[in-house]
Amino acid sequence: MGGYVGIKNHLNNNNPTSDELQKYLHSIEVGIERANSIVKGLSEFGRSETSAWEHCNIHSIIENNLVILQHQLNNNIKVTKDFTDQEPIVNGNAGNLHHIFLNLLLNAIQAIENEGKIDIRTYTENGSIKIEIKDNGCGICEHDLPHILDPFFTTKDPGKGTGLGLSIAHSNIKKMNGSINFTSERNKGTIVYLSFPAIN
């Protein structure tokens with residue numbers, strides 16, 4: 001960051017006329033901010049399961065994961081967010097929550113072969129925080145859907161999945177008195193429905 005500031009001060013003091021240099025500086029600044037965001041997001045994963053539970057903002061956790069997964073999204077997948085205006089605060093372990101959403105978002109990304117979209121919606125209902133993650137990817141076969149939370153079950157190609165991600169996420173969701181459900185249609189996409197008790 002110090003090098004960036006030094007270059008910026010030098011250019012400002014010498015009244016540069018090159019718009020291109022300013023664009024380079026802007027790119028550096030954006031890169032630094034993105035790197036800082038990724039480091040901040042990754043630090044949330046370090047909170048162990050034995051850490052005391054705390055009030056966690058679901059929106060912040062989703063945003064952290066989207067920053068971390070930015071390289072996976074590239075320009076091929078459009079993410080839309082329809083977030084509630086109310087702060088979606090739940091009581092839980094921040095590290096576990098980050099792993100839950102990382103797994104669900106990564107599954108949605110990997111279900112999209114080329115171009116596609118992921119829609120994320122949050123809302124409150126009857127004292128609960130509701131989250132929907134919808135993708136227009138390959139979907140899940142009807143006969144596989146009842147088994148996707150089973151340990152070691154996977155629909156991915158050999159070597160591309162352990163079949164433990166959703167099982168572990170499900171276990172952590174239950175510890176928070178939450179729930180997870182799915183609807184899916186082959187070649188049309190999947191919707192994940194999450195619910196957690198809200199903290200007023």
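## Sheet, core and helix packing in a predicted model

His59 is found in helix H3; helices (H or I, at least four residues) and strands (E, at least two) are DSSP runs numbered from the N terminus. This is a predicted model, in which local features need pLDDT of at least 70, side-chain atom pairs count only at pLDDT 80 or more, and totals for chains, interfaces and linings use all residues. Residues are numbered from 1 along each chain as its sequence is written, and side-chain values use heavy atoms, with hydrogens and water left out.

His59 has a relative accessible area of 12% and is therefore buried. Buried means under 20% relative accessible area, exposed over 50%, and partly exposed in between (1.4 Å probe, protein chains only). The side chain of His59 makes a polar contact of 2.8 Å with the side chain of Thr122. A polar contact is a pair of N or O atoms within 3.5 Å; within protein, one must be able to donate a hydrogen and the other to accept it, and residues adjacent in sequence count only if both atoms are side-chain atoms. Not counting residues up to four places away in sequence, His59 also touches Phe83, Thr84, Gln86 and Pro88, where contact means heavy atoms within 4.5 Å.

The sheet is open, with 5 strands in the order S2-S4-S5-S7-S6 and mixed pairing. Strand S2 (77-82) and S6 stand at the edges with a single partner strand each, so one side of each is left without a neighbour in the sheet. Two strands pair if DSSP finds at least two bridges between them. The pairs around S5 are listed below.

Thr122, the polar partner of His59, has Ile131 as its bridge partner in S5. S4 and S5 form a hairpin with 2 residues between them, and Asn126 in the turn has a positive phi of about 50°. In S5, 7 of the 8 residues are buried, so this strand is largely enclosed by the rest of the structure.

Lys117, in strand S4, is partly exposed at 41% relative accessibility. The C-alpha atoms of Lys117 and Ile77 are separated by 5.1 Å, although the residues are 40 apart along the chain.

H3 lies across S2, S4 and S5 and runs at about 165° to S4. H6 packs on the sheet, touching S6 and S7, and its direction makes about 140° with that of S6. Axes are lines fitted to C-alpha atoms, for helices over the stretch in contact, and angles run from 0 to 180 degrees between N-to-C directions.

The largest nonpolar core has 34 residues, and Leu97, Phe101 and Ile118 are among those with the most contacts inside it. Such a core is a set of buried Ala, Val, Leu, Ile, Met, Phe, Trp, Tyr and Cys residues joined through side-chain atoms within 4.5 Å. H5 gives the most to this core, with 8 residues. Leaving aside neighbours within four places in sequence, the contacts of Phe101 include Ile58, Ile62, Ile133 and Phe196.

H5 itself is mostly covered, with 12 of its 17 residues buried. At its start, a side-chain oxygen of Asn93 reaches to within 3.0 Å of the backbone nitrogen of Gly95.
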